[in-house]
Amino acid sequence: MSTGPMSGGELPTTGGPTTAASTTGAYWPLMPYPKPAVTFVRGSGTELWDDQGRRYLDFLAGIAVCSLGHSHPKVAEAVCAQAGKLQHVSNLFGNELAPRLAEELDTLIGDGTRAGGKVFFSNSGAEANECAIKLARRWGGHGRYVVISAYGSFHGRTLATLHATGQPAKHEIFQPLPEGFRHVAWAEPEALIDAIDPSTAAVLLEPVQGESGVNPAPPGYLAAVRKLCDERGVLLILDEVQTGLGRTGRWFGFHHDDVKPDIVTMAKALGNGMPIGACWARREVADALLPGEHATTFGGQPLATSAALATLAVMREEDIPARAARLGGILAAALEKVPGVVKVRGRGLLLAAVLAEPRSAEVAAQAMENGLVVNAVAPDAIRLAPPLLVTEEEIDEAVGLLAAAIFSTNGGTGSPTHVPTDREDKP
């Protein structure tokens, strides 16, 4: 929703020591991040504007969070209305929205039919995965506590979810990490045969490994793991934090493989920017966790659930999974034609453009300079996860901007004609 032109670079101040002026020098008050190169102040759909009035096309969507684009009017209206009615009561009491949302998610898990599970609401994907891990341990009982995940995975930044993350380089500075986690090779079901032992409670996987370069599970992998879990009597947990709710072309990534997980976690797209996560579990598994054994103050609170309900309503109206599948195909086909891109991988509107050279950081920086927001998800891969309401025209513009960035960083000279020169704010 456009609110008119903004003055170049002026930010509101609140008085006192922490104002816009106090962040212009070497000091930056946010931990642990460095001062960002770009500060965004407004968004509408697939477009963003920075504090200098410059326009950008957002093909990252807050890392697959703003599923309907920035400031979607129906989500904004729902949150505003709820803010004027009831904002928070804690998990000691009920509210009208959380049960409705849980039932809707249960139906989506069942791909249109109630799956009969239960939902725990949290504030983020990491917290949803924490719930899944605790639930698996509670279900497993004494002596069955190990969770097996894959190398290259990403499951969060809390101590437990960090150890579940299959990236040892991220572990070292925080050692000792909680025990009970084991890692195996990705996409190799036979690697689990020896890894699963009597101490194993669950296997935790992603349908697409987003943070290691957008690597989809190969055909048959999840089904093979499901079969092995059944044979060994352990749970299958699927982390759908980045892939869930339409992004891959189905409501959930596991729907492509026609498997039935025991636990599913989700977050990012659910609130279209409002912090909310969820852990769904089969009823028999969910009932292992008793009242008082797990909780969170803000989980399922009215503001977040109002945003989620509005988001899901728009997703259904727009048939978001089908839209993501169709437009993802268009985006992938266009990327494959870009000089310097050797491969495109992913599903739906979660894609990686694999570069001929490991210069993704340079390409992403140049794309930002050109007016396109993407990110370097691996040394040779650029991740694209645009809002699911992106248009074909925006895809064409984005591919042109990315092609220009690759051209420039490969030593090209001059300015390609498809790079927009007018990036000022639009009324």
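**Exercise 1.** Which residues of helix H3 are buried? State where they lie around the helix axis.

*Solution.* The model is predicted.

Step 1. Helix H3 spans residues 97-109 and has 13 residues. From its first C-alpha to its last it reaches 18 Å, close to the 18 Å expected at 1.5 Å a residue.

Step 2. Buried means under 20% relative accessible area. The buried residues of H3 are Leu97, Ala98, Leu101, Ala102, Leu105, Asp106, Leu108 and Ile109.

Step 3. Seen down the axis of H3, these buried residues fall within an arc of 165 degrees, so they line one face of the helix.

Step 4. The buried residues of H3 pack against helix H2 (73-83), strand E4 (117-122), strand E11 (263-266), strand E12 (277-282) and helix H9.

**Exercise 2.** Find the buried residues of helix H10 and what covers them.

*Solution.* Step 1. Helix H10 (residues 320-336) has 17 residues and reaches 24 Å from its first C-alpha to its last.

Step 2. In H10, Ile320, Pro321, Arg323, Ala324, Leu327, Gly328, Leu331, Ala332 and Leu335 are buried. They cover an arc of only 150 degrees around the axis, which puts them on the same side of H10.

Step 3. The cover over the buried residues of H10 includes helix H9 (302-318), strands E13, E14 and E17, and helix H12 (392-409).

**Exercise 3.** What is the strand order of the open sheet of 4 strands, and which strands stand at its edges?

*Solution.* Step 1. The order is E13-E14-E17-E16, with antiparallel pairing.

Step 2. Strand E13 (341-347) and strand E16 (375-378) each have a single partner strand, so one side of each is left without a neighbour in the sheet. These two strands stand at the edges. From one strand to the next, the twist averages 35 degrees.

Step 3. Go through the pairs along the sheet. E13 and E14 pair over 6 bridges, and Arg347 stands opposite Leu350 in E14. The two strands form a hairpin with 2 residues between them, and Gly348 in the turn has a positive phi of about 60 degrees. E14 is joined to E17 by 4 bridges, with Ala352 and Arg383 as bridge partners. E16 and E17 (residues 381-384) are joined by 3 bridges, and Ala376 is partnered by Ile382 in E17.

**Exercise 4.** Is strand E14 buried on one face or on both?

*Solution.* Step 1. In E14, 6 of its 6 residues are buried.

Step 2. Leu350, Ala352 and Val354 are on one side, and Leu351, Ala353 and Leu355 are on the other. Both faces of E14 are therefore covered, as residues on each side are buried.

Step 3. Helix H11 (residues 360-370) lies across E14 (350-355), E16 and E17. H11 runs at about 165 degrees to E16.

How values were computed. Residues numbered from 1 in each chain as written. Predicted model: local features only at pLDDT ≥ 70, side-chain atom pairs only at ≥ 80, totals over all residues. Heavy atoms only, no water. Pairing = 2+ DSSP bridges. Axes fitted to C-alpha atoms, helices over the stretch in contact; angles between N-to-C directions. Contact = heavy atoms within 4.5 Å. Expected span 1.5 Å × (residues − 1). Buried < 20%, exposed > 50% of the residue type's maximum accessible area, 1.4 Å probe, protein only. Arc of directions from axis to C-beta.
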